[in-house]
Amino acid sequence: MPPIVANQRTNTREAVIIEPLRFKSFLRPAPWGGRRLVDQYGKQVPDDDDLAQFGESWEISGHPLHVSGVAEGRHAGRSLNELWAEQAAEWSADQEAAEPMFPLLVKLLDCREPCSVQVHPGEAGSAAFDPPQRVKVEAWVVLEAVPDAVIYSGFRQGISESEVRAALASGSIVECLNAVIPQVGDCFLMTPGIVHAMQGVVLAEFQTTSDATLRLYDWNRTDRQGRPRRLHIEESLREIDFTQGPVAPVTPRPLLSAADDPVVSEVLVEIPEFILGRHRFTQPWTMPSSASYSIWLVAEGAAELAVNDQSPITLRVGETVLVPPCEQLSWSALGDRAATVLQCEVPG
């Protein structure tokens, strides 16, 4: 099966050892979070937060709020931004377009309670942050959903700004939101201007490296001192795209394959910022070389990954790895269950 980004290097390179990079996870407490990232996904609790509720685990990040460190191997202890500064031209399919900051950020989210109703601003609004932020575009893939889970994605059709203002004043904003009952495997794409929130789900999130987020509503929550979290009502209303309407889960695009191909592959998201694909397999399969680095996250089961015929590494649900450009990737499922992996790349 061809790689999602089907372009290959034409220049001759010296033979180098290509090592898949695993990073230390970074847990962030949140009032809407839970303990599943620790108890089910094995994320390590910071020493001083043993009883905290965690909403996010940052898996791969070059953002100043947290820069990921390599967990093991010959680059152990080095930061993602260090490696990117040295190797961006080597890792990127479009060497001239390599950005100064690693362009993608990967998280796991545990939304036990509803997270804030929020919106990501456009280019001007993101640049107005201190420090300035890139535009935030994010895609979610549902890993778990409890029976009463809900994802709010956009407003219901025809909702106007005046209706939203009235609903905020009366505390009935949820009645304006488009509510979707999520299923495991659903994928949602959130671009700037779309209001969103979620509850009762564990998500894998792939996004641009940005923290540009505006809170429209926070369910009347207060912190431990009884103070409400800051809202950005007027800023949010300026950034909301009221023409967008409801946002449904994306429709995957199957990739053609031979009848005896051991993997079923599909494209979930294909936008200028990144391409997100999904592969499900029970038998070993091999992917040929790509000109770009790729990020992989196990969404179901467990699998072994071998790079250039080296010894494989084992990855379980919620574990993430970054693979620099290489000659080939080989995957195999562990045990009797199928494995599903998500693949994210920046287009060349």
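In this predicted model, Tyr152 stands opposite Ala179 of strand β6. That pairing belongs to a set of three bridges through which strand β5 and β6, the latter spanning residues 177-180, run antiparallel.

Strand β5 covers residues 138-155, and because 14 of its 18 residues are buried, that is, under 20% relative accessible area, the strand is largely enclosed by the rest of the structure.

Rolling a probe the size of a water molecule over the atoms shows where empty space is left. Across the whole structure, two cavities of 30 Å³ or more are found. The largest cavity holds about 80 Å³ of space. Its lining comprises 15 residues, of which Ser290, Ser292, Ser294, Cys326 and Leu329 are the closest to the centre. Strands β13 (285-288), β14 (294-300) and β19 (339-345) each give two or more residues to this lining. By class, the lining consists of nine nonpolar, five polar and one charged residues.

The second largest cavity has about 30 Å³ of space. Among the residues lining this cavity are Gly154 and Phe155, together with Gly193, Ile194, Val195, Ile240, Asp241, Gln244 and Gly245. Four nonpolar, four polar and one charged residues make up that lining.

Conventions:
Residues numbered from 1 in each chain as written. Predicted model: local features only at pLDDT ≥ 70, side-chain atom pairs only at ≥ 80, totals over all residues. Heavy atoms only, no water. Buried < 20%, exposed > 50% of the residue type's maximum accessible area, 1.4 Å probe, protein only. Helix = DSSP H or I, 4+ residues; strand = E, 2+ residues; numbered from the N terminus. Pairing = 2+ DSSP bridges. 1 Å grid on protein atoms, 1.4 Å probe; cavity = no way out; pocket = protein on both sides within 12 Å on 5 of 7 lines; lining within 4 Å. Points joined across faces, edges and corners; volume = space filled by probe spheres on them. Nonpolar A, V, L, I, M, F, W, Y, C, P; charged D, E, K, R; others polar.
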